[in-house]
Amino acid sequence: MIERAFEIRLAIPDNEAYTALATLQRLGVGCDGIARADIHVFGVEDDVDAGELEAQLKTIATIFNPNKHRMRTREEPRPKAGEVWISSTEVPPVHERVTIGGVQLRGVRTAWRATSWRLLDGAGKDVAQPILDQAVETLLCNPAFQRAIKA
Amino acid sequence: MLDVNEQPLQLALSPDERERVKRGLGREPSIVEWFAFDAQWSEHCSYKSSRPFLRRLPTTGDAVIIGPGEDSGVVRLGQHAGKTYAVVVAHESHNHPSQVVPFEGAATGIGGIVRDVLCMGAHLIGVADPLRFGTSRESRYIAQGVVDGIASYGNAIGVPNVGGDVYFDARFDDNVLVNVVALGIVEESGVIHSRAPRGSAGWDIVLVGKATDRSGFGGASFSSLQLDAADAEANKGAVQVPDAFLKSVLMRASYRVFDVLREEGLEVAFKDLGAGGVMGCTAEIVASGGLGARIELDKVPLAEANLPPPVIAVGETQERMCWVVPPSFTPRLLAIYNQEFDLPGVARGAQAARIGTVTEEKRYVATHHAQTVMDVDIEFLTGGILHERPYELPTPPRQGSIARHADLKDLLPRVLADRDVCSRSAIFERYDGVVRGTTAIPRGYADAGVVAPVPGAPLGVALGLGGNPRYGALDPNRAAVQAVVESARNVAAVGARPVALTDCLNFGDADDPRQFGEFVTAIDGLAQAATALSLPFVSGNVSLYNTSAGGKAVPASPIVACIGSIADISKIASPALKARGSSLYLLGARQDALGGSVVARFVGGEQEPLPEIDPDQVHSEIALLLDAYATYAILGAHDISDGGLAVAVCEMTFGARRRGLGARVYSCNLWAKGIGTAGAWFGEAGGFVLEVADVAAFEELAKTHGVVPLRIGEVTETACVVLGDAEFDAVSLCEAWSAPLRGFYDLSEEAP
Amino acid sequence: MKPKIVVYVFPGTNSEDETKRALEACELDVALVRSDDKTSTAKNADGFVLPGGFAHEDRVRAGAVAAHDRAMDVVVEAAEKGKPVLGICNGAQVLLESGLVPGTSKARRPSAAFAPNIPGGRFRCVHTYVRLMIDPSRSPLLSALPKAAVIPAWVAHGEGRLAAALDELARIERDHLAFAYSAADGDVNPDAVPNGSALGAAGLINEAGNVLAIMPHPERDAWAFMHRYDLIAARTSQEALRPSGGIALFQSFAKAFA
């Protein structure tokens with residue numbers, strides 16, 4: 001079994017990201033831009049094709065609305081440099097077959113979600129890791145029930 | 001005609017209607033004009049098929065301050081501390097959008113109905129959701145999405161859900177029904193109308209709320225079309241995007257404007273943007289005042305640059321409302337929304353902005369920068385068109401019924417577990433029923449929800465519903481009578497006086513004479529019952545075309561809400577049994593007719609006639625009930641509906657579990673002589689089960705109302721339900737009733 | 001002169017009116033103040049209450065953004081001076097996110113959370129009771145309550161489950177567990193817990209005892225007419241309109257200023 005990750009981001013203005021940025025700036029975290037996305041990570045049997053799974057996910061109304069969202073398959077089921085994933089500390093159970101919004105996902109045994117955050121400087125580049133860490137500690141992650149997965 | 005992308009225009013207007021537009025204008029319409037008429041002349045906006053029939057409904061009464069015609073109805077409630085208060089009520093459907101994108105469709109349904117009440121100058125005090133779901137696996141996911149959507153919106157804006165119901169039927173598989181009701185409270189002197197006041201030519205038209213975007217383009221026409229799966233993507237784009245967070249700020253900002261208007265003593269107009277967007281709202285707000293408008297589309301705040309004029313004019317972006325105010329007030333109005341409540345800070349682009357002027361000349365003119373993109377006679381635009389639809393009235397079963405037998409021991413648990421009887425708490429627990437701290441009876445505790453909306457005042461408002469799809473499928477006319485009578489009974493059962501009605505009429509194709517005939521006969525049923533009960537309809541909505549492409553229409557679904565007034569909040573009660581030793585009484589004779597009943601699913605008779613209804617008798621029963629509450633002769637009452645008397649008694653026991661009370665009902669030979677046991681115990685002939693404290697006083701009172709109450713049993717102190725010879729453990733009955741929908745959110749379970 | 005209470009209203013707060021009414025019924029002078037209030041008068045208040053709702057739409061996390069609002073600077077300073085602070089539902093979440101409750105961690109960092117309900121993180125609205133788990137003398141806000149007091153309230157939230165690291169939970173259980181979900185007779189058992197909350201926790205208190213974070217809403221069961229439907233208790237409208245039931249928490253809160 002391997003893990004496959006899919007990223008869903010908003011194509012319309014992201015108010016949540018906007019508010020997070022304003023709050024971080026008020027807390028003195030050095031950033032000028034922000035990017036947020038929902039990450040879905042699935043534990044899948046080896047013979048599951050990522051393209052087919054992505055197409056299937058796009059039919060699930062509870063997670064994807066073509067008028068609001070854009071989806072892409074991630075190369076790796078982990079954050080890239082400059083990115084952090086915040087998810088629950090709960091261990092996802094293993095199912096016979098994961099079902100989301102009525103759609104049964106063939107060959108998918110586990111599912112967990114995370115929020116992906118990136119902070120950008122004035123030039124649109126990822127901020128240095130210590131700044132991202134500061135954001136995680138001051139706002140983005142509550143260690144009482146969340147964990148921060150770093151690149 | 002081609003649209004902005006050089007594609008043939010997708011309009012819902014028929015070729016004949018298009019000709020009428022051209023002839024009326026005397027020229028080829030502009031693109032914006034095409035979309036404007038497409039929206040304005042849609043069934044949803046114009047009621048072109050239904051208007052002549054809606055005139056048959058009674059709409060006037062002493063307590064009616066505003067009847068149908070504005071955003072909501074307004075009904076006088078009572079006085080307190082020198083002020084006269086009124087209840088504001090609106091009732092609508094959001095069926096097609098909820099079928100396509102359940103969460104957003106249902107959420108925006110709540111959003112829209114809340115605005116209808118807000119725009120009368122009222123504070124929101126409650127919402128209700130009568131829902132009709134299918135039974136397929138797919139429809140379970142639609143149901144979950146709908147409930148989640150309603151919950152997410154209502155909970156966020158902080159308006160309690162005080163009522164609603166859920167029915168399941170395979171005929172809703174492809175056409176879910178999501179009806180919503182909103183209630184508000186207003187001082188009579190603070191009512192704001194939806195029409196431009198006399199002498200308001202030259203006044204400003206101010207748009208408030210979300211920045212206009214591309215969402216919801218095609219909505220009014222969309223709701224008037226049949227749903228076809230192949231159009232799924234296009235359909236999705238037409239579904240609007242809700243923003244409850246913005247709405248909660250908009251509500252509070254608007255409440256502040258109401259306060260200021262009251263201080264200044266200003267009469268203005270306020271109207272919700274719904275079908276037809278900017279055009280639909282601004283045209284109607286001035287036309288109903290006998291005036292015209294000049295709208296500058298480039299002044300409409302946009303979420304994206306370069307939005308084409310047709311989208312700006314008729315797109316149905318949510319969370320927008322429109323004021324008509326004197327220019328001297330405009331700066332103050334803008335300051336409240338934009339600075340004091342900081343709309344731009346809450347949502348990008350959200351703001352209040354002046355977009356036009358009221359004109360003496362009765363034309364509707366829209367410009368976009370220097371160009372005039374629309375210029376039409378306003379009465380031609382908004383006067384609406386009428387369609388003479390041929391119809392065939394249905395022939396309902398009206399022959400006699402046979403007496404059937406029911407084995408209580410076997411059937412009671414099964415009837416309690418039936419999908420139309422079992423507990424719905426798994427659904428309505430998703431809704432905040434007590435936010436605002438005014439709820440006197442929350443949903444799930446009685447036949448109607450009750451709020452005491454004026455702090456410190458003993459005034460109360462009750463909301464009851466009626467409308468059963470099993471009855472509608474069988475006999476639309478009698479089902480409509482039943483819907484009115486049921487909603488009024490539900491209100492009276494808690495001790496509230498029925499004062500007004502609203503309706504949402506959900507039917508199939510207006511183009512199909514038989515389906516349209518169901519609509520026509522239902523209207524007659526509503527009119528008959530409402531007149532007999534002296535209850536006016538003050539608001540309502542018609543939703544036609546609830547048919548899938550295969551021609552499968554929903555069961556005739558006239559859904560009625562009844563508003564009840566309470567002068568003294570200490571005189572209301574739930575049906576839960578209260579006291580050992582009280583007597584149980586029945587109002588409403590039992591009948592053998594099992595048509596449309598739940599028990600008929602088990603013993604046969606489903607296609608028999610519906611029980612007979614005598615609205616005059618219902619009128620007397622209700623009057624008796626209210627008197628009995630006022631004099632404390634009764635401790636509680638439960639309306640008899642799905643599952644009949646046996647279910648009503650069980651539910652009264654379930655509510656009393658904590659007090660360890662039970663019920664014993666005598667053999668039905670004593671109170672339903674000559675009626676088969678199925679009709680006696682489970683028949684759904686309307687009526688009440690009462691818990692009577694003072695038997696002598698109650699029977700005396702009943703005489704004065706010309707009602708013959710039947711004593712059927714008593715309240716016991718063991719957790720048992722004894723019905724005739726059959727004895728049941730109350731706990732296991734409660735479990736049978738509670739279990740079936742507990743798994744509503746369990747994705748691996750089939751719908752019940 | 002009545003004690004002056006500030007009830008902060010964040011964008012998205014929805015319970016401010018009924019919270020104000022409950023406090024006023026206890027002879028407190030209440031002002032509703034916007035969370036971005038720039039005047040300095042709020043900080044002179046004698047006590048603070050954070051009501052329920054969805055402050056900032058629960059963006060990032062329930063209470064997370066509000067915890068850093070200007071209003072919380074005022075509240076944190078007031079709490080450090082020992083002024084009484086009460087947070088209800090979303091208000092309780094803000095107090096935990098701001099680190100004021102249980103108050104065992106670094107300044108302005110949370111050590112616990114009211115996290116998504118189990119199962120499914122779904123919003124639930126059900127009537128409940130909360131039982132006082134600490135000695136009333138432990139807190140000036142609670143000292144007017146009898147030992148093991150049982151107070152009626154309404155649960156109406158999707159994120160009410162106490163979550164924390166194991167050692168923190170042990171600390172909370174020992175020193176900060178003010179209220180637990182219970183049956184009407186005060187029996188604290190798992191069946192009474194509507195949201196999977198660790199320790200059956202419904203409310204937490206800080207070390208000094210002046211800051212209380214409670215998830216259920218006592219103000220929504222604080223008037224006689226709200227229990228009217230269940231028992232014929234009131235016989236007149238005056239009786240029906242009197243404060244009762246959940247008002248006990250606010251009466252105790254008001255005594256903190258005596």
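Reading a predicted three-chain model

Strand S4 (residues 83-88) of chain A is joined by five bridges to strand S8 (residues 146-150) of chain A, and the two run antiparallel. Two strands count as paired if DSSP finds at least two bridges between them. Strands (E, at least two residues) and helices (H or I, at least four) are DSSP runs, numbered from the N terminus. Within this pairing, A:Trp85 has A:Ile149 of S8(A) as its bridge partner. S4(A) also pairs with strand S7 (residues 108-120) of chain A, again in the antiparallel sense, over four bridges. There A:Ile86 stands opposite A:Thr115. In a regular strand the side chains alternate between the two faces of the sheet.

This is a predicted model, in which local features need pLDDT of at least 70, side-chain atom pairs count only at pLDDT 80 or more, and totals for chains, interfaces and linings use all residues. Residues are numbered from 1 along each chain as its sequence is written, while chains are lettered from A and ligands numbered from 1 in the order in which they are written. The model scores ipTM 0.97 and pTM 0.95. Chain C has a mean pLDDT of 95, and 97% of its residues reach 70 or more; pLDDT is the predictor's confidence in each residue, from 0 to 100.

Chain B holds an open sheet of six strands in the order S1-S2-S3-S6-S4-S5, with mixed pairing. Its edge strands, which pair on one side only, are strand S1 (64-66) and strand S5 (161-168) of chain B. From one strand to the next the twist averages 25°; angles run from 0 to 180 degrees between N-to-C directions, and axes are lines fitted to C-alpha atoms, for helices over the stretch in contact. B:Ile66 stands opposite B:Val74 of S2(B).

Helix H6 (residues 102-118) of chain B touches strand S3 (83-93), strand S4 (123-133) and strand S6 (177-187) of chain B, and its direction makes about 25° with that of S6(B). Helix H7 (residues 137-157) of chain B touches S4, S5 and S6 of chain B, and its direction makes about 180° with that of S4(B).

The domain assignment of chain B gives domain 1 (36-121 + 141-147 + 175-382) and domain 2 (573-752); such bounds come from an automatic or database domain assignment. The centres of the two domains, taken over C-alpha atoms, are separated by 43 Å. B:Pro615 lies in helix H22 (residues 615-630) of chain B. Leaving aside neighbours within four places in sequence, B:Pro615 is in contact with B:Val481, B:Val485, B:Ala529, B:Ala532 and B:Leu533. Two residues are in contact if their C-beta atoms, placed from the backbone, lie within 7 Å. B:Leu533 is 82 residues from B:Pro615 along the chain, and their C-alpha atoms are separated by 6.7 Å.

How do the chains meet? The contact between chains B and C takes 38 residues from chain B and 36 residues from chain C. On the chain C side, helix H1 (16-24), strand S6 (124-132), strand S7 (150-157), helix H5 (225-228) and helix H6 (237-240) each supply at least two residues. That side divides into 17 nonpolar, seven polar and twelve charged residues. Here Ala, Val, Leu, Ile, Met, Phe, Trp, Tyr, Cys and Pro count as nonpolar, Asp, Glu, Lys and Arg as charged, and the others, Gly among them, as polar. Elsewhere, eleven residues of chain A are in contact with 16 residues of chain C. The largest share of the chain A side, five residues, comes from H1(A).

A residue is buried if 20 or more other C-beta atoms lie within 10 Å of its own, exposed if 12 or fewer, and partly exposed in between, with C-beta atoms placed from the backbone. The buried residues of H7(C), including C:Phe250 and C:Phe253, pack against H1, strand S4 (85-88) and S7 of chain C.

Most residues other than glycine have a negative phi, and most peptide bonds are trans. C:Arg108 has a positive phi near 55° and is partly exposed, because 16 other C-beta atoms lie within 10 Å. The peptide bond from C:Val101 to C:Pro102 is cis, with omega near -10°.
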